[in-house]
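Here are a few exercises on how two parts of one chain sit against each other. Grab your viewer and work through them in order.

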Amino acid sequence: MSVGIVLVSHSAKLAEGLAELAAQMAPDVTITAAGGLAEGGIGTDYDEVVAATQRADSGAGVVLLYDLGSAQMTAELAVESLADPSAAVVVDAPLVEGAIAAAVAAQGGADRKAVAEAAASAGAPPDLAFDSGAQDGERSVELTLRNDVGLHARPAAVLVRSIAGLDAEVTVRLGEETADANSVLALMALGARQGDRIEVRARGAQAEEALAKVKDLVDQNFGE
C-alpha cells in the first residue's frame with residue numbers, strides 16, 4: 001500500500017503525459033490524471049478530480065498536485081467533499097518536479113506527510129554543493145556510467161529507490177559538484193552522462209550496503 005498521487009491540470013494531455021512519466025519512476029504507485037473538461041476542452045472538472053482522488057486512494061492517503069490557480073481551487077473543493085477529507089492533501093508545488101519527487105517518495109514507502117513534503121521541496125533549487133573532499137568515516141567507490149542516458153530521470157529514480165530506508169548518508173559527486181543521492185532532482189541536476197565517471201560516497205551503519213547497491217545498478221546499466 002502506497003500513497004496515491006493525483007495530477008490536476010487544465011490540459012488532459014499534460015496530466016496524462018506527466019502521469020505516464022512519473023509512473024516510469026514509481027511503478028507501484030497509483031498516479032491518476034485529472035485534466036481537462038469532460039467534453040474535452042481546456043479547464044478543470046470537479047467531478048473528475050473527485051473520481052481521480054477516490055481511484056488513487058488505496059488506504060495510505062492521497063497527494064494532489066495542480067498546474068494553475070483555478071486548478072488548486074478545484075482540487076481543494078474535491079478534497080473537502082470526500083467522505084474523509086483528512087485522507088487527502090493539496091500541495092503547492094511545481095507540477096512536473098513535484099510529481100516526480102512525490103512519486104519516488106511514495107514508491108520508497110514514505111507516508112502522506114513525507115510525500116507531500118517531497119513534492120513541496122521540489123520547488124527549491126537542486127541540492128547541489130561544492131565538493132569539499134571526503135569526510136571522516138566515509139566510504140566511497142568510483143563508477144563509470146555506461147547506460148545510454150546517464151543519471152537522467154528514470155535511472156536517478158531507480159538509484160534513489162535502491163537506497164531508500166538504508167541507514168546511510170549517500171552522495172554522488174561529478175566534477176566539483178556533489179548531489180544528495182536521496183533526491184532525484186539533485187541527481188538529475190548533476191548532468192551526468194554516458195561515459196562520465198562519478199564518485200559515490202556513503203557513511204553510516206549501512207554505508208557498505210548502500211555503495212554495493214549503487215554499484216550493482218551501475219554495473220547493470222540501471223536495468224536499461
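**Exercise 1.** Find the domains and say how far apart their centres are.

*Solution.* Start with the bounds, which come from an automatic or database domain assignment: domain 1 covers 4–121 and domain 2 covers 138–223. Next, take the centres over C-alpha atoms; 28 Å separate domain 1 from domain 2. Then list contacts (heavy atoms within 4.5 Å): nine residues of domain 1 and eight residues of domain 2 take part.

A word on ground rules: this is a predicted model, where local features need pLDDT of at least 70, side-chain atom pairs count only at pLDDT 80 or more, and totals for chains, interfaces and linings use all residues. Residues are numbered from 1 along each chain as its sequence is written, and side-chain values use heavy atoms, with hydrogens and water left out.

**Exercise 2.** Work out what area domain 1 and domain 2 bury between them, and which helices supply the domain 1 side.

*Solution.* Buried area is the accessible area (1.4 Å probe) lost by two parts on being put together, summed over both. Here that comes to about 660 Å², with 82% on carbon and sulfur atoms. On the domain 1 side, α1 (12–25) and α4 (95–107) each give at least two residues (helices are DSSP runs of H or I, at least four residues, numbered from the N terminus). The largest share, four residues, is from α4.

**Exercise 3.** Count the salt bridges between domain 1 and domain 2.

*Solution.* Look for a side-chain nitrogen of Lys or Arg within 4 Å of a carboxyl oxygen of Asp or Glu. Between domain 1 and domain 2 the count is zero.
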